[in-house]
Every structure is written in C-alpha cells, then in structure tokens.
Amino acid sequence: DALNRAISWVPQEPFLFSDTIGRNLGMGAPGAPPETLRTAAAVARVEEEIERSPVDRGRHVEGHGGQN
C-alpha cells in the first residue's frame, strides 16, 4: 500500500483540450500574459510550429488537435 502511494503515472502522449491554443498553453497559469505563453511554447518546443502554422494562438482547436 505504501508503494502504491509513492508511485505516480504521467502519460507522455500530448493532449489538447477543446479550447484555444493560447488557453491550452496557459492551462497551468490562467490569465498569463502573452510573453509567458510564448515562453511556455518555447519550453514545450512548439513555438516554431505555431509560428509556421496559419493557426494563431487565439484559434479554437478540438481535443487531440482538430481545428474549428
């Protein structure tokens, strides 16, 4: 029982919530300024992909990456 409490499982598969790209980036820091979101994107190594994409941070995406 103590071993079960000491172990956690964190899936490594990326996941998007059905919301905007910016809100997905700022999920852990609601109301974060744009610079913080850019930093989060850089840390997640998705900043270049976002910059190349025609989809901006305010664009709504469906879970698992579908777009509206």
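Predicted model: local features only at pLDDT ≥ 70, side-chain atom pairs only at ≥ 80, totals over all residues.

Modeller: The side chain of Arg 38 meets that of Glu 35 in a salt bridge, with an N to O distance of 3.1 Å. Glu 35 is also partly exposed, because its relative accessibility is 47%, and the limits for that class are 20% and 50%. The two residues are three apart in helix α3, so about one helical turn separates Glu 35 from Arg 38.

That pair belongs to a set of three salt bridges found in a search of the whole structure. Another joins Arg 23 to Asp 19, and here the closest N and O atoms are 3.8 Å apart. The cut-off for a salt bridge is 4 Å, so this pair is counted. Arg 23 has a relative accessibility of 55% and therefore counts as exposed. The backbone of Arg 23 has a contact as well: its nitrogen is reached by the side chain of Thr 20 at 3.0 Å. Thr 20 lies in strand β1, which covers residues 19-20. In contrast to the exposed Arg 23, Thr 20 is buried, because its relative accessibility is 16%.

The remaining pair is Asp 1 with Arg 5, where the closest N and O atoms are 2.8 Å apart. Asp 1 and Arg 5 are both exposed.

One is a nonpolar surface patch of about 310 Å², made by Phe 15, Phe 17 and Met 27. Of these residues, Met 27 is placed in the loop between α2 (21-25) and α3 (34-43). With a relative accessibility of 42%, Met 27 counts as partly exposed.

The other feature is Arg 45, in the loop between α3 and α4 (47-52). Its relative accessible area is 76%, so Arg 45 is exposed. The backbone is what draws attention here: phi of Arg 45 is positive, near 60°, and the residue is not glycine. Most residues other than glycine have a negative phi.

Key
Residues numbered from 1 in each chain as written. Heavy atoms only, no water. Patch = residues over 30% accessible without salt bridge, like charges linked within 9 Å, V, L, I, M, F, W, Y side chains within 5 Å. Areas by Shrake-Rupley, 256 points an atom, 1.4 Å probe, with all protein chains shown as cover. Helix = DSSP H or I, 4+ residues; strand = E, 2+ residues; numbered from the N terminus. Buried < 20%, exposed > 50% of the residue type's maximum accessible area, 1.4 Å probe, protein only. Polar contact = N/O pair within 3.5 Å; in protein donor to acceptor, adjacent residues only side chain to side chain.
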